[in-house]
Amino acid sequence: MADQILDVPKDFIRDGTQFINRCTKPDKKEFTKVCQAVGVGFLIMGATGYLVKLIHIPVNNILVGGA
């Protein structure tokens, strides 16, 4: 019973160490691609939020009765 409980942290540490050892630093090309993908994601999410807000304000004014 105690062996099974102690195996969980040991396995976690072993798997984590293997993962860290396999990780590599991205080169300049890969880093640029990741930055571009994140930038496009920001633009899409920002545009989506802007459009939702643009539609929400007039609809809310109609439903609430306007100020």
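**Helices, surface and charges**

Guide: Helix 1 lies largely in the open, because the number of buried residues among its 21 is zero. Keep in mind that this is a predicted model.

Visitor: Which residues does helix 1 cover, and how far does it reach?

Guide: Helix 1 runs over residues 2–22 and reaches 31 Å from its first C-alpha to its last. That is close to the 30 Å expected at 1.5 Å a residue.

Visitor: How many helices and strands does the chain have?

Guide: The chain has two helices and zero strands. Its radius of gyration is 25 Å, well over the 11 Å that the globule rule gives for 67 residues, so the chain is more spread out than a compact globule.

Visitor: What does the C-alpha trace span along its principal axes?

Guide: The span is about 65 × 45 × 10 Å.

Visitor: And what share of the chain's residues is buried?

Guide: Buried residues make up 0% of the 67. Here buried means under 20% relative accessible area.

Visitor: Which residues form a nonpolar patch on the surface?

Guide: The patch consists of Tyr 50, Leu 51, Leu 54, Ile 55, Val 59, Leu 63 and Val 64. Together they have about 770 Å² of accessible area.

Visitor: Take Val 59 from that list. Where is Val 59 found?

Guide: Val 59 is in helix 2, which covers residues 28–64.

Visitor: Changing topic to charges. How many salt bridges does the structure hold?

Guide: There are two salt bridges in the structure. In one of them Asp 11 pairs with Arg 14, and the closest N and O atoms are 3.3 Å apart.

Visitor: Where do Asp 11 and Arg 14 sit relative to each other?

Guide: Both are in helix 1, three residues apart, so about one helical turn separates them. In general, an α-helix has 3.6 residues a turn, so residues three or four places apart point the same way.

Visitor: Which residue forms a salt bridge with Arg 14 at 3.7 Å?

Guide: That is Asp 15, with 3.7 Å between the closest N and O atoms. Salt bridges that share partners join Asp 11, Arg 14 and Asp 15 into one network.

Visitor: How accessible are Asp 11, Arg 14 and Asp 15?

Guide: Asp 11 is partly exposed at 33% relative accessibility. Arg 14 is partly exposed at 46%, and Asp 15 is partly exposed at 42%.

Visitor: Last topic, cysteines. What is the count of disulfides?

Guide: The count is zero disulfides. Cys 23 is in no disulfide, since the nearest cysteine sulfur, that of Cys 35, is 18 Å away, and a disulfide needs the two sulfur atoms within 2.5 Å.

Visitor: Are Cys 23 and Cys 35 buried or partly exposed?

Guide: Cys 23 is partly exposed, with a relative accessible area of 40%. Cys 35 is also partly exposed, and its relative accessible area is 40%.

Definitions and conventions:
Residues numbered from 1 in each chain as written. Predicted model: local features only at pLDDT ≥ 70, side-chain atom pairs only at ≥ 80, totals over all residues. Heavy atoms only, no water. Helix = DSSP H or I, 4+ residues; strand = E, 2+ residues; numbered from the N terminus. Expected span 1.5 Å × (residues − 1). Buried < 20%, exposed > 50% of the residue type's maximum accessible area, 1.4 Å probe, protein only. Patch = residues over 30% accessible without salt bridge, like charges linked within 9 Å, V, L, I, M, F, W, Y side chains within 5 Å. Areas by Shrake-Rupley, 256 points an atom, 1.4 Å probe, with all protein chains shown as cover. Salt bridge = Lys/Arg side-chain N within 4 Å of Asp/Glu carboxyl O. Rg over C-alpha atoms; globule rule 2.2 N^0.38 Å.
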